Amino acid sequence: MKLLLKKCSKWVSSDLDWKFLLLILPPLSLLFYLSLSSIPTITTSTFTFNNPFSTFAPFKSVFNNNVPPPPPPPNSLMNRSSLLPPVFANQAEIRSRNDEPLFSPVVLNKPATKEELDRSRIAVCLVGGARRFELTGPSIIQKILNEYPNSDLYLHSPFDSKAYKLSLLKAAPRISAVKIFRPKPINMTESQVRVLSPRNSPNGIQGLLQYFNLVEGCLTMIQAHQRRNNFTYDWIIRTRVDGYWNAPLLPDDFIPGAYLVPPGSSYGGLNDRFGLGDYNTSVVALSRLSLIPELDSAGYHLLNSEGAFKAQLTIHKVPYITKRLPFCVVSDRSYDFPPPRFGVPVAALSSPGPLSGAKCRPCTPSCTDHCVGLVMNRLYKGWSWTDWANNTLQLCDAHAEWESGWQKLFDEVAGNKLAAARRRVEDLRMEQCVRDFAEMKKKTAYWEAPPVSQICQLGLSASA
């Protein structure tokens with residue numbers, strides 16, 4: 001043993017052997033590191049074990065000859081930031097730690113059953129201007145309010161020349177509150193200017209604030225009714241006045257503890273054209289104005305409506321899920337056709353759907369079947385996009401005004417009842433308009449609006 005130690009000591013003391021050892025140590029260390037770094041991340045239901053050397057990925061890529069490629073040229077489709085609209089590019093750079101999927105995977109509660117919903121208290125929050133309400137309103141009554149006849153309707157809508165069409169709501173089973181108001185400019189705060197972006201909003205930040213006021217104003221009406229009557233709703237459905245529904249809202253869409261939104265039309269955030277949740281999740285989702293200071297404190301800036309919507313759910317840890325829903329937003333606006341990468345596809349109202357809140361109009365489809373795939377595959381999925389699988393989508397050429405004869409196209413798609421409602425508004429006269437509003441007012445618990453004669457006169461004189 002002593003002889004062995006003596007030989008080892010002699011070997012270690014040799015300058016030549018030290019040099020040899022120093023030469024072989026770095027390659028051995030590298031091989032040891034690479035063997036460890038190749039161990040994959042192990043995930044179980046109870047813990048996650050990450051590779052401790054994962055932070056050295058740049059070095060690994062160099063040693064594996066995986067040198068990052070040079071940036072693509074400005075026109076390359078790979079150069080995403082150069083193609084994104086400015087507001088979307090800004091949002092993508094704000095807080096990368098919030099870009100990962102939210103609360104995924106999530107073990108969700110089972111959806112409610114029809115029997116449970118029939119025993120539940122449900123508020124339906126209907127917001128927005130009545131632009132084409134003769135087309136959309138009857139579908140909302142038929143596919144939502146009549147499906148859940150115990151639900152209470154809350155209407156929050158601006159007073160304009162189209163508001164007379166809201167008299168169609170006299171057919172709603174139950175109405176708790178109606179507020180038709182004269183819009184006023186909203187004073188902008190410093191936090192609102194920091195958090196919100198004016199880009200891609202037709203009326204800038206003011207337009208966003210007006211929309212947020214519509215949504216949160218409806219929540220305020222709901223909460224006031226609850227206080228007056230000492231109860232709390234189980235569910236709140238929030239939908240738009242300009243939404244056309246071609247199939248019913250289903251019991252499977254009511255999921256306790258999560259907020260339901262449509263997929264597509266996300267514009268870098270979450271589609272905010274419809275929302276459904278229990279009372280607690282809905283309070284967060286509908287508090288569009290009052291949560292802006294919290295978004296500011298959390299570091300969110302330059303957000304559009306969809307980005308702010310996603311952010312407010314994120315900071316309050318509200319799980320959201322997306323599900324295709326059978327409605328579209330009827331629009332008079334014109335859009336390029338075929339739509340460019342960040343353009344807006346406009347669905348034909350005759351599309352089988354579900355369209356999940358995509359823009360739509362009654363039209364003779366200009367693009368069906370194989371053509372739809374060619375157009376939709378060009379669009380950026382995180383912007384204005386909707387699911388078109390299984391031939392559920394037909395596209396309009398919406399670069400100009402609605403085509404002549406659109407009324408007949410609508411009537412054929414919508415069916416006799418909805419067609420009759422459209423014609424009723426088309427033929428409406430002053431006396432009947434006033435009577436319809438009076439009937440609607442009788443069944444409403446809380447009413448705040450200009451005199452119905454003013455609402456009818458403004459609209460019918462404008463349409464004459």
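Reader: Start with K170. Which residue does K170 form a salt bridge with, and how far apart are the closest N and O atoms?
Author: D436. The closest N and O atoms of K170 and D436 are 3.1 Å apart. Keep in mind this is a predicted model.

Reader: Where do K170 and D436 lie?
Author: K170 is in the loop between β4 and β5, and D436 is in helix α16. The two parts are 266 residues apart in sequence, so the pair ties them together.

Reader: D436, buried or exposed?
Author: Buried. D436 has 2% relative accessibility.

Reader: And what does E439 form a salt bridge with?
Author: K170 again. There the closest N and O atoms are 3.7 Å apart. E439 also lies in helix α16, so this pair ties together parts 269 residues apart in sequence. E439 is partly exposed, with a relative accessible area of 41%.

Reader: Which residues do the salt bridges with shared partners join into one network?
Author: K170, R424, D436 and E439.

Reader: How many salt bridges in the whole structure?
Author: A search finds 17. Another one is D272 with R288, closest N and O atoms 3.5 Å apart. D272 is in the loop between β8 and β9, and R288 is in the loop between α10 and α11. Those parts are 16 residues apart in sequence. Both D272 and R288 are buried.

Reader: Back to α16. How many residues does α16 have, and what does it reach from first C-alpha to last?
Author: 13 residues, 430–442. The helix reaches 19 Å, close to the 18 Å expected at 1.5 Å a residue.

Reader: Which α16 residues are buried?
Author: C433, D436, F437 and M440. Down the axis, the buried residues of α16 fall within an arc of 95 degrees, so they line one face of the helix.

Reader: What's exposed on the other side of α16?
Author: E431 and K442.

Reader: What do the buried residues of α16 pack against?
Author: Strands β4, β5 and β14, plus helices α15 and α17.

Reader: New topic, aromatics. How many aromatic pairs does the search find?
Author: 15 in the whole structure. Y154 and Y233 form one that is edge-to-face, 6.0 Å centre to centre with 85 degrees between the planes.

Reader: Where do Y154 and Y233 lie?
Author: Y154 is in strand β4, and Y233 is in the loop between α9 and β6. The pair ties together parts that are 79 residues apart in sequence. Y154 counts as buried at 0% relative accessibility. Y233 counts as buried too, at 2%.

Reader: What about the rings of Y244 and F410, how are they set?
Author: Their centres are 6.0 Å apart and their planes sit at 70 degrees, so the pair is edge-to-face. Y244 lies in strand β7 and F410 in helix α14, so parts 166 residues apart in sequence are tied together. Y244 and F410 are both buried.

Reader: Which residues do ring pairs link into a cluster?
Author: Y267, F342, Y380 and W383.

Methods. Residues are numbered from 1 along each chain as its sequence is written. This is a predicted model: local features need pLDDT of at least 70, side-chain atom pairs count only at pLDDT 80 or more; totals for chains, interfaces and linings use all residues. Side-chain values use heavy atoms; hydrogens and water are left out. Rings of Phe, Tyr and Trp (its six-membered ring) pair if their centres lie within 6.5 Å; planes under 30 degrees apart count as stacked, over 60 as edge-to-face and the rest as tilted. Helices (H or I, at least four residues) and strands (E, at least two) are DSSP runs, numbered from the N terminus. Buried means under 20% relative accessible area, exposed over 50%, partly exposed in between (1.4 Å probe, protein chains only). The expected span of a helix is 1.5 Å times one less than its number of residues. The arc is that of the directions from the helix axis to the C-beta atoms. Contact means heavy atoms within 4.5 Å. A salt bridge is a side-chain nitrogen of Lys or Arg within 4 Å of a carboxyl oxygen of Asp or Glu.
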